[in-house]
Amino acid sequence: MVSIGGRVPPPELSGWKDTVYVPPQVEAKLIMRFADHADAKVPYMYHCHLLWHEDEGMMGQFVVVAPGQERSTIDGNPDHEH
């Protein structure tokens, strides 16, 4: 966690996390490193545990690419999206 609600996170939110509680209407900023398991073909997923939030942009996928690297597709066909 870099910040929550525009402030330095409290001690219990400091350090590495895989799950973070974010109160309603509060902005959270995270920093992540994807050094070991990043693959331009295989997406990571982020999500909220409230399924109706999917429509609000709190569920999605992203791929991690190196600077200058293009994203790829699982089957190698650029016409097929993830």
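**Close-up views of a predicted model**

**View 1. Tyr44, Tyr46 and Phe62 are linked into a cluster by ring pairs.** The structure contains two aromatic pairs. In one of them, tyrosine 44 and phenylalanine 62 are stacked, with 5.7 Å from centre to centre and 20 degrees between the planes. Because tyrosine 44 belongs to strand β3 (residues 44–47) and phenylalanine 62 to strand β4 (residues 59–62), this pair ties together parts that lie 18 residues apart in sequence. Tyrosine 44 is partly exposed, its relative accessible area being 25%, and phenylalanine 62 is likewise partly exposed, with a relative accessible area of 28%.

**View 2. Tyrosine 46 and phenylalanine 62 form an aromatic pair with a tilted arrangement.** Here the ring centres are 6.4 Å apart and the planes make an angle of 35 degrees, a value that is counted as tilted because stacked pairs need planes under 30 degrees apart and edge-to-face pairs need over 60. Since tyrosine 46 lies in strand β3 and phenylalanine 62 in strand β4, the pair ties together parts that are 16 residues apart in sequence.

**View 3. The largest pocket of the model has a volume of about 1,400 Å³.** Its lining is made up of 33 residues, of which Asp18, Thr19, Val20, Leu30 and His47 are the closest to the pocket centre. Strand β3 supplies the largest share of this lining, with four residues; this is the strand, residues 44–47, in which tyrosine 44 lies. By residue class, the lining of the largest pocket divides into 21 nonpolar, eight polar and four charged residues.

View 4. With a relative accessibility of 11%, serine 3 counts as buried, because the buried class takes in residues under 20% relative accessible area. When its neighbours within four places in sequence are left aside, serine 3 is in contact with Pro9, Glu27, Ala28 and Lys29.

How values were computed. Residues numbered from 1 in each chain as written. Predicted model: local features only at pLDDT ≥ 70, side-chain atom pairs only at ≥ 80, totals over all residues. Heavy atoms only, no water. Phe/Tyr/Trp six-rings, centres within 6.5 Å; stacked < 30°, edge-to-face > 60°. Helix = DSSP H or I, 4+ residues; strand = E, 2+ residues; numbered from the N terminus. Buried < 20%, exposed > 50% of the residue type's maximum accessible area, 1.4 Å probe, protein only. 1 Å grid on protein atoms, 1.4 Å probe; cavity = no way out; pocket = protein on both sides within 12 Å on 5 of 7 lines; lining within 4 Å. Points joined across faces, edges and corners; volume = space filled by probe spheres on them. Nonpolar A, V, L, I, M, F, W, Y, C, P; charged D, E, K, R; others polar. Contact = heavy atoms within 4.5 Å.
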